[in-house]
Amino acid sequence: MTPGSVETTEKHDTETAVPKKLSKGIVLGPDGKPCRTCNDVASLFAIAGKKPTTPSSTSTSSTAPTFPVDCPPDVEALGRSSWTLLHSITATYPTTPTPQLQSETKTFLSTFGKLYPCWVCAEDFQGWMSTNTPRVSSRSEFGTWMCEAHNAVNLKLGKQTFDCGRWEERWRTGWKDGRCDF
Ligand SMILES: Cc1cc2nc3c(=O)[nH]c(=O)nc-3n(C[C@H](O)[C@H](O)[C@H](O)COP(=O)(O)OP(=O)(O)OC[C@H]3O[C@@H](n4cnc5c(N)ncnc54)[C@H](O)[C@@H]3O)c2cc1C
């Protein structure tokens, strides 16, 4: 497939330009080139006409193509790392945060939404936050809100949603069967 034949979604840097949005295809960055942090490895290799590297056959996990671990992230690696950070922040958030911390947390989320390196993801996340105002009055509220935010993305991507009643087991205490204990 040549770059000219792919459907694209393009980010323009100028304030007046309206990004070209199509439902499917490769997402371009402001430089007009495929955006690494907005596409998955398989798509990036496909447009480059390269054969993707798959994890070694001894690996028991995914067989999806990946970049070597010391390469810049694609949209999936970036997402996994980002969710790990975001949920871990909620896991260590105080049960009764000060008003100042609550305010700083809202500012952080707003800034995070603007700086997230996948621009299409960032736009959708900002849109979701505009109708789902961050709930940061306690660890429980914040952790549940973050789980709902993640589920909104899961739904958009056609993935299974997560039981938000179990977010603390996943991200703070470890599962009740003890497999995460040390
Ligand atoms: C703010 C944000 C917006 C994103 N937007 C997009 C987008 O528009 N398009 C796109 O292609 N990718 C997007 N991503 C990336 C996407 O969400 C995934 O991270 C990526 O597809 C890799 O998915 P994964 O299946 O490996 O697991 P991830 O979705 O990264 O989840 C990692 C782990 O979190 C746990 N988990 C799953 N759901 C929840 C939940 N609701 N609450 C708590 N824990 C949970 C599971 O144990 C899972 O293994 C976004 C990421 C972020 C942080």
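This is a predicted model: local features need pLDDT of at least 70, side-chain atom pairs count only at pLDDT 80 or more; totals for chains, interfaces and linings use all residues.
1. Ligand shell. The ligand has 22 residues around it, and those that come nearest are Gly-79, Cys-121, Cys-147, His-150 and Phe-162. Sorted by class, the shell comprises 11 nonpolar, six polar and five charged residues.

2. At least two shell residues come from each of α2 (75-91), α4 (119-131), α5 (139-156) and α6 (167-173). The most is given by α2, which contributes seven residues.

3. Packing of α2 and α5. The axes of these helices cross at roughly 160° and come within 8 Å of each other. Angles over 145 degrees count as roughly antiparallel, so α2 is roughly antiparallel to α5. The crossing of α2 and α5 is left-handed.

4. Residues between α2 and α5. From α2, the contact uses Trp-83, Leu-86, His-87, Thr-90 and Ala-91, and from α5 it uses Arg-139, Phe-142, Gly-143, Met-146 and His-150. Five of the residues in the contact of α2 with α5 are nonpolar, four are polar and one is charged. His-150 of α5 takes part in this contact and is also among the residues that come nearest the ligand.

5. Packing of α3 and α4. Helix α3 spans residues 99-115, and its axis lies 7 Å from that of α4, at an angle of about 150°. The two helices, α3 and α4, are therefore roughly antiparallel to each other.

6. Residues between α3 and α4. Leu-109, Gly-113 and Lys-114 of α3 meet Ala-122, Phe-125, Gln-126 and Met-129 of α4. The contact of α3 with α4 has four nonpolar residues, two polar and one charged.

Notes. Residues are numbered from 1 along each chain as its sequence is written. A residue is near a molecule or strand if its C-beta atom, placed from the backbone, lies within 6 Å of it. Helices (H or I, at least four residues) and strands (E, at least two) are DSSP runs, numbered from the N terminus. Ala, Val, Leu, Ile, Met, Phe, Trp, Tyr, Cys and Pro count as nonpolar, Asp, Glu, Lys and Arg as charged, and the others, Gly among them, as polar. Axes are lines fitted to C-alpha atoms, for helices over the stretch in contact, and angles run from 0 to 180 degrees between N-to-C directions. Angles under 35 degrees count as roughly parallel, over 145 as roughly antiparallel, 65 to 115 as roughly perpendicular and the rest as oblique. A crossing is left-handed if the near helix is turned anticlockwise from the far one by less than a right angle, and right-handed if clockwise. Two residues are in contact if their C-beta atoms, placed from the backbone, lie within 7 Å.
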